[in-house]
Amino acid sequence: MSHSYKKGITLIEMVIAISIISIMLLIVIPTFVKQNEKIQLDTVSEEIINTLQLVQSHAHSTQQEIVVTFNMQNTNILEIGTSYPAIKDNIQRHTTKTIPPFINAKTNIEINKIIFQPNNSWKLYKDSTLVTNSNFNITLESQDETLKINFYPNSKTIHLLE
């Protein structure tokens with residue numbers, strides 16, 4: 001009889017342990033996923049703003065236009081890409097940033113490229129047509145957070161707003 005009593009306690013202990021683990025997983029996993037999404041949103045937005053500012057600076061310092069392309073679906077950004085000379089002029093540096101599927105990246109104006117000018121300004125294009133709207137921004141959203149990259153044409157600056 002004592003033998004079956006030990007099995008009963010072991011089974012109860014197992015059920016309690018599984019219940020505790022299940023409760024912890026229900027709390028820990030969603031928290032981890034949200035933190036991971038926030039980190040990735042912050043990382044993607046920093047990579048995009050850094051790329052845009054670097055290209056703008058490079059266009060100014062080399063006195064050459066540099067193009068940043070947007071692979072778009074309506075106003076949703078799927079990828080952002082650019083190429084410009086690396087350390088040696090005969091080597092091209094190609095940068096492509098794919099937007100993760102859980103991040104909604106969109107522009108307020110439908111474009112597919114920005115041409116950065118040597119004077120730090122930029123021109124927006126949809127295909128080969130110049131878009132003249134000066135109010136341009138990129139919004140990056142995850143489930144719980146929204147970040148915005150604003151282009152300020154008068155000051156010729158680009159800022160990441162949280």
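1. In this predicted model, the largest nonpolar core comprises 31 residues, and those with the most contacts inside it are Leu52, Phe70, Ile114, Phe116, Ile138, Ile149 and Phe151. At least two residues of this core come from each of H1, strand S1 (66–73), strand S2 (76–85), S5, strand S6 (122–126), strand S8 (136–141), strand S9 (146–152) and strand S10 (157–161), with H1 giving the largest share, seven residues.

2. Ile114, which lies in strand S5 (residues 113–116), has a relative accessibility of 0% and therefore counts as buried, the limit being under 20%. Leaving aside residues up to four places away in sequence, Ile114 touches Ile66, Val67, Val68, Phe70, Trp122, Lys123, Leu124, Phe136 and Phe151. The C-alpha atoms of Ile114 and Tyr125 are 6.2 Å apart, although 11 residues separate the two along the chain.

3. Ile149 is another of the residues with the most contacts inside the core, and, again not counting residues up to four places away in sequence, Ile149 touches Ser45, Ile48, Ile49, Leu52, Phe136, Asn137, Ile138, Leu140, Ile158, His159 and Leu160.

Note on methods:
Residues numbered from 1 in each chain as written. Predicted model: local features only at pLDDT ≥ 70, side-chain atom pairs only at ≥ 80, totals over all residues. Heavy atoms only, no water. Helix = DSSP H or I, 4+ residues; strand = E, 2+ residues; numbered from the N terminus. Buried < 20%, exposed > 50% of the residue type's maximum accessible area, 1.4 Å probe, protein only. Contact = heavy atoms within 4.5 Å. Core = buried A, V, L, I, M, F, W, Y, C linked by side-chain atoms within 4.5 Å.
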